[in-house]
Amino acid sequence: MSGRVDLGRVLRADREILTVLGAAVFALVAILLLGGAGAYAVTILNVVLLRALAATGVVLLTGYCGQLSLGQGAFAAIGAYISAILATQYGLSPWLTIPLACIAAGVAAWVVGFPLLQLRGHYLALGTLALAAIVYQLSVELRGITGGASGITSIPSLTLFGRELGSPWAYSWIIGLVFVLGMYVAGRFAFGRMGRLAQAVREDETAAEAIGISPFGVKNVSFVSGAVLAGVSGALYVHWVRFLDPVPFGLQYSIEVLTMAVFGGIGSVWGGLLGAITLTVLTEALRYVTGVASAEYQALAFGVVFVAVLMLWPRGLAGIADVWSARGRTSDRRGGVPNVSSEGTAEAEVGIGGGALIADHRVTGPIRLQHGDELVVVQRLHCRFGGVKALEDVNLVVRAGEILAVIGPNGAGKTTLFNVIAGAIKPTAGAVTVLGRDIRGLRPYEVARLGVARTFQNVRLFTEMTCVENVLAALEAHDGYGMIRGLVLPVRARQREDAAVDEAHRLLAVVGLAEFAHFRAGDLPLAKQRALELARALARRPTLLLMDEPASGLNEAERDELAALIRSLNASGVTILLIEHAVDFVMALADRVVVLSRGMKIAEGTPLEVRNDRHVIEAYLGEAA
Amino acid sequence: MRDVLVWQLPQWIVSGVVMGCVYALVAVGLVIVHNVTRILNVAQGAFVMLGAMLTIQFAKWLPLAPAVVAAVVVTVVIGAVTYGILIYPRFEAGLLTLIMLTFGADVIFRTVALILWGPDPLALREFTPGKPLIIGTAVVTRQALWVIGVTALLVILLQLFFKRSLLGTALRACASNATAARLVGIRPQLMGLVSWMLAAALGAFAGAVIAPVTFATYFMGLELTIRGVVPAVLAGLASPVGAVVGGVVFGIIEAVAAGVYSGLRDVVAFVCLVAILVVRELRTGVLTTHLRARVRAWRMSELARGQQ
Amino acid sequence: MSLNKRTFWFYGLLVVAFVLAGCAQGSPTPTPTAAPSPTAAASPTAQPAAPTATVPSGAQQTPATTPQAGAETGEPYRIGAVLSLTGPAAPLGVPQRDTLELLRDEVNRQGGVLGPDGKRHPLEVIIYDDQSQPTTGVLAVTRLIEEDRVAAIICCATSPVSIAAVDVVTRAGVPMISTASSQAITHPPEERQWVFKPAWDNDQVVEALLRHFKKKGYSRIGIMSVNNEFGQSGKIAFEQLSPSYGIQLVLNETFNLGVTDLTPQVLKLRSAGADVLVLYANINETVVALKNLHDLGISVPVYVTNAVGTPAFVEAAGNLAEGVFVQTGKLQVYSDLPLDDPQRSTILSFVDLYRNRYGLEPPSFAGVAHDAFWLVVRAMEKVGTSRSGIRDAIEGTNNFVGVTGVLSFSPAEHTGFRTRDMVIAVIQNGKFRLYEVVGE
C-alpha cells in the first residue's frame, strides 16, 4: 500500500469517525438552517435531538445488546429530577447538575442492573417495565423531594457569561453539542470492542460465554450506557422547559423511545436520530394535513402510518440501506478494509485448512506445562438432572499434550461431561479441576479465561455478525479497553482494536477463510462454519480445546482435513478433548480413548485396547467391522 | 388494627378476585398467542376494551345476552382481520417488530374507540340486578359472581378444548414444536390465526362481564395488558392454568396493597413481580456466583497477565 | 428482504386513504344544528365591553343577529388554543374546543370582531391538541406564536401543560389564558406576568367546601383523591386548611388515574366514622367510588368537584349520582338561578347556544373556555391585535360577567375568580339543582 493517506478512503471506511462527524454536521446544519426559520422549527429540532439521545440509548441496549428494556423513562426521570432538585433546592448551577444527573442515572442503572439483568427476554422487559412504574410512583409519592404530582417549577435555565440561554435557538446549541457527544459515545460503543461483545451476547449468550465474555458485565455496560443517554436527555429537558412533573416520563416515554428506535432501525447507530426525526415530524405534519378539528383523526392517522411503515420496512428506516448493500453489515470500524499487507498471509486452500499451522506458534499460548502433566482432573463426578443420572461416578484425567477422545452411545453423558468441564453445568457431586483450579463455582466464561476453549455440537456462531467479528469477539472478550477508558482514550483504544482486527484476519487466514472475512457467518456452508468456530476458539490461545462432534456433517475429504488440522494443533501444544461418533476417525486420531455408556465410564485406554474391549463392543461398537 | 383486618381484608380479597379474573383472562389470551406465535400481543387489553364497548353499544339495540354474543363475534372478527393484515404477512419478522406491530394495532383500536364513543366512560347495567350477597364480612355483588363464574367457565372450556378437541391438540402441537407440527401437516400460520381469534374471544368476554363493574373507557386496554402480562410472564408464558392462577393472585395482591396504602397499588404488584423473578434467578446462584467471580476474575487476570 | 410491490401499494394506499379521510372529516362532535333560535339572547358581541353587574347581557334584543351591513371588513384576528383533545385529559379539552368553535362562529356571524378601528375583523381560532403531554403542548404553543402569529393563546386544559407553556409565552410576550385550575399557573404573579386564568384555583375550591361544611356542622371529613396534579393539590389544600375551620380529616386516601376498583379505600370510610366524603377525582374514578359505596351499602353524604360537574358524569353514573353534592359554578344550575343573579342571562344564553348546536348541556370546563374566549375578544375590541395591549386590557378587567363567575383581575392577582361565586349543587332526578351559593 502506498504511504500516502487517502482521506476519502479513510472517511469512507472509518465508521466511528463518520458517526461523530455526521452527527456534528447534522447538528450544525440543522441549527443554522432552522435558526433562520423561526422558533417553532428550532423547538422541533430540540425535541427531536432530545428524543434522539434517549432513542440512541435504546439502540445500544436493545439493538446491539439485544436486551429489551422498557425502563428508559425511569432513567430519564432520574436524570430530570436529580438535575432539577439539585438546581432548585441546592442552588447548584445547571452546568454542574446536568453531568451529575447523568452520573446519577448511570449509577442507578448499574445498581438496578444487578437484579434486573439476571432476567432475560420477556422477563427483563417486564422487570424494566416495573422499574418505570416504580420510579413514576416514587416521583408522585415523595412529595417533599420531588414536588409530587404538582412538580417542580422555576427550574433555572443554563446561563453563559451571565446571559440566560433560554431561547430555543440558544438552547439548541447546547442540545446539539450534547447530542454530538452522545453520538460519540454511541459510535465508540457500536464500532468498538463493546459493540462486538454486545452483539455476541445478543446472538448467542452461551457461545459468548464459551469464548470468555462475561454476559452480565456486557449487559451491565450496555444498560448503563443506555441509561446515561436517557438521563442526559431528561436533564436537558428540565432546564429548557423549566417545569418538571412525573407525567412526561411515565411508561409512555419508554414506549415512545423504543418505538422511535424500532422505526428508525434498531440495528443502526443512526436509528435513534432517524426515528426521532420521523416520528416527531410526522406528528407535527399530520397537524397540517388533517386539519385542526380532528385531533382524534390525527392520532388515528399516526397509528396507521406507523403500522404501515413497520410492515413495509420491518428493519426500520435505517434497514432500507441494507437492501442496497451488496454484502452484509460490517460493524468493525473500518467497514471491511483489512490492514494486513498481502505478503506473509498464510496461503490456505478453500476448506478446513491445511497444515500451515505447523510452524505457527502464535496460535497457542506459551506452554507452561510439561507433556503429560495433569490438565483436567475429574474425580467421582456425579451429575443428576431431576431423576435422570447423566453422569455417575466418572473419573478421568486429561494429560497435557494429548488428544483424548470420548466416545459412546447417545445419551451416554458425553456432552454433559463437556459442559461440566467447561463450567456450563454444576456437578451434583464430585470434584473437577482444570489447570489445578477447582472450577465448580466458576461461570463458563471464567473457565474459558483459564484457557479452555470449545466448539459445539450444533455450531454456535454469531450468525448475524461477520466472520471477522466472530473472531474479534473472542479476541476482545477479555482484553481491551473498557467503555469508560475507551471514551477517554479513544486513540489508544482504537489502536488496540485495530491490532485485534489484524489478528482476527490472520486467524481467518489460518483456517482458510480469508476471503470470507466480511461474509455473514450465517451465510456460510457448514464446513466453513465449523472452521470459523474453530478459529474463534483458537483466538484465545487455549491450552485445552474441547471439540464436540467436529466431524459430523463432513464428508470423507473434509474429515481428513479436519484430522490433519487437529494433529497440527496438537503438535503446536494444544491439548484436545474430543467427542465423536465417527469411530474410525477417532481411532486414527486419538492418543487415548474414554468410553462412556449411560453415564458411566466403561473403558479407557489406547484406541486399540478400547476397540477390543468386550464391554465396549457390547455397549457401542457392535461386532468389529 | 386486627379488627380492621378482619372486617376489611375479606372485602379486599373479594374485590381482588374479581379484578384478578379479568387479569387472568387477559393473561391466558397472552399465553395462548405467545405459545403458538411467540408474539407478545400488546393489543390484548384492547380486545377487552372492544368487548366492553361493543357490548354497551349493542345493548342499546338488543337484549343483553345477544348483545354480548354479538360483541364477542365482532371482536373475534376484528382480531382475525388484524392478524391477517399485520401478523400473517410478517410472520417471520423479528420479534421486536412484531411486538411493535401489535402496539400499533392497540393505538389504532384506541383512537377508533375514542372517535366512535368519545372520551367519557360508558356504563353497562348489571347482568342480573339485585341485592349483593353478604359472605362473612364481605359484600359480593351479583356482577362479581358473574365475573368469577364466566371466568371459571371459560377456563374449563379452554382446557377441554385443548385436551379433547382436534383443533386444540393441533394448537398444542404447534406450541410445542412448530417444525414437527408443520411436518405432520399443521400450518403454523393458520394456528396463529386460531390462537388470535381465541385470545380475542377471551378478551371480549372479559370486557363484557367487567363493564358493569368498572365502566368502559377507550384507554382501559393498555393498563389491562400490562396487568395481564405480569401473571402471564410469571407462568413462563407457557401454561394457561398458571396464567389464570397468577392473574387471580395478582389481583388479590393488588387489592390488599391498595388497602394497606393506596399509593402502593400499582407499585407493589410490580415489586412483587420483580422480587419473584429475581429470587427465581438467584436460586441458581448467579448473583452470588457473580460476586465471587468478580473477585476471582480480578485475581485470575493478575495471574494471566503474569503468564503472558 | 425484498420489497413486495403489492405490499407497498396496499399500505401506501391505506395511508393515503386515512389521511384523506382525516381531511374530509370535520369535527367529530354531533352534527351541528342550524343557527341558534332567535329567542336566545342577542349575540354577545352586541354587549358593551365590561358591563356592570346589573345589566343582564341578554337585554338588548337589537337586530344584531343579522350580519352588520355597513361595517368595513379588516384583517382577520387570530386567537390560538392548545387543548387536550386526546389522552387522559380529553374529557376536559373536547368540550372546550367545542365551545371555542361555537363562539367563534357566533362572532363571525356578526362579521367578526369589531376592532378599535371600527372595522369588523373575521375571527380565526386555531386549535391544537397537546395530547395531554407537556412537550407536545410546548411545541403547539410555539407554533401558534411563531407560525400562526396569534394575538393571544388559550392554553391549556391541564395544569402541568399550562405551567410548561408559561416560559414560552413569557419569553415571546404573548398573553395566555389557561382553562386549568392550579394556582401555580398564576402564582407567583411576578413570574406570571403574561398568564391569566378565569377559573377558580384549587385552593378556592377547598375553601368553599370547608366553609360549607362548617355551616352544616360537619367536623369529620374523609377525602379520596386521585394521584395527579389536580387531586394532589386538592388533598394538600385540605390538609393545610381544614384545621383553621375546626375540621378533622379522618380519612385521606389516594389512588391512581383510571383505577377500576376502590373497594379497599371505601371500606376504610366505614370504620373511620366520617360525616362526609369528598371525592377529588375524574369521572371514571368518581363513578367507581360511588359504585363501590353503593355495593358495600355505605351511605354518607358525598361531595364531588367540578371536574365531574358535567352531564357526562350523570349519564355514566346513572342512579348512583342521586343525592351527590357537587362543587361547581353557576353554569350547572342555570335553571335555579334567581332572577337578580348577575350571571344569569350570560349563562342562559350560553347554555342555549351550546345546547342548540351540540344537543348537550355544557359542562363546567366549557364555561371556562367561554370566559377565556370573551376575555380575549373583549380585549381585542379595545386594542386590536397588540399582544401587550391585550395583556394589559385583561389585567385591567374588573367585574367581568362570565359563565364561571364575575371575574376581576389586577397586577397582583391573575386569577379572575372569587370564591363567593362558587356554588354547591345537588343531583336530583339526573339534574344539577342549586343547593347553596357559597357567597361571602
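**Helices, domains and contacts in a predicted model**

Q: What percentage of the 308 residues of chain B count as buried?
A: The model is a predicted one, and a residue is called buried here when 20 or more other C-beta atoms lie within 10 Å of its own. Applied to chain B, which has 308 residues, this criterion gives a buried share of 52%.

Q: Which pattern of helices and strands does chain B follow along the sequence?
A: Chain B contains 12 helices and 2 strands. When these elements are read in the order of the sequence, the pattern is α-α-α-α-β-β-α-α-α-α-α-α-α-α.

Q: Among contacts in chain B between residues at least 6 apart in sequence, what percentage join residues at least 24 apart?
A: Two residues are in contact if their C-beta atoms lie within 7 Å. Once the contacts of chain B are limited to residues at least 6 apart in sequence, the share that joins residues at least 24 apart is 75%.

Q: How many of the 15 residues of α9(B) are buried?
A: Helix α9(B) is largely enclosed by the rest of the structure, and this follows from a count of its buried residues. Just after the helix, G236(B) takes a positive phi of about 70 degrees. Of the 15 residues in α9(B) itself, the number that are buried is 14.

Q: Which element gives the largest share of the side of domain 1 of chain B that touches domain 2 of chain B?
A: The domain assignment divides chain B into domain 1 (2–260) and domain 2 (266–308), and 6 residues of domain 1 are in contact with 5 residues of domain 2. On the domain 1 side, the elements that give two or more residues are α9 and α10 (240–260) of chain B. By class, this side has 5 nonpolar, no polar and 1 charged residues. The largest share, 4 residues, comes from α10(B).

Q: How far apart are the C-alpha centres of domain 1 of chain A and domain 2 of chain A?
A: In chain A, the domain assignment gives domain 1 (13–250) and domain 2 (355–464 + 527–621). In the contact between these domains, 12 residues of domain 1 meet 13 residues of domain 2, and on the domain 1 side the largest share, 4 residues, comes from α10(A). The C-alpha centres of the two domains are separated by 46 Å.

Q: Which helix of chain A supplies the largest share of the side that touches chain B?
A: The contact between the two chains takes 36 residues from chain A and 43 residues from chain B. By class, the chain A side has 23 nonpolar, 7 polar and 6 charged residues. Several helices of chain A each supply at least two residues of this side, among them α5 (94–116), α6 (121–141) and α12 (251–264). The largest share, 10 residues, comes from α6(A).

Q: At what angle do α4(A) and α5(A) pack?
A: Two packed helices are described by the angle between their axes and the distance between the axes. For α4 (residues 72–89) of chain A and α5(A), the axes are 8 Å apart and the crossing is right-handed. The contact includes F75(A) and I78(A) of α4(A) as well as P94(A) and T97(A) of α5(A), and its residues divide into 14 nonpolar, 3 polar and no charged. The angle between these helices is about 140 degrees.

Q: Is L103(C) buried or exposed?
A: L103(C) is found in helix α2 (residues 90–109) of chain C. A residue needs 20 or more other C-beta atoms within 10 Å to be classed as buried. L103(C) has 24 such atoms within 10 Å, and therefore L103(C) is buried.

Q: What distance separates the C-alpha atoms of L103(C) and F373(C)?
A: Leaving aside its neighbours within four places in sequence, L103(C) is in contact with H370(C) and F373(C). Although L103(C) and F373(C) are 270 residues apart along the chain, the distance between their C-alpha atoms is 7.8 Å.

Technical notes:
Residues are numbered from 1 along each chain as its sequence is written. Chains are lettered from A and ligands numbered from 1 in the order in which they are written. This is a predicted model: local features need pLDDT of at least 70, side-chain atom pairs count only at pLDDT 80 or more; totals for chains, interfaces and linings use all residues. A residue is buried if 20 or more other C-beta atoms lie within 10 Å of its own, exposed if 12 or fewer, and partly exposed in between; C-beta atoms are placed from the backbone. Ala, Val, Leu, Ile, Met, Phe, Trp, Tyr, Cys and Pro count as nonpolar, Asp, Glu, Lys and Arg as charged, and the others, Gly among them, as polar. Axes are lines fitted to C-alpha atoms, for helices over the stretch in contact, and angles run from 0 to 180 degrees between N-to-C directions. A crossing is left-handed if the near helix is turned anticlockwise from the far one by less than a right angle, and right-handed if clockwise. Domain bounds come from an automatic or database domain assignment.
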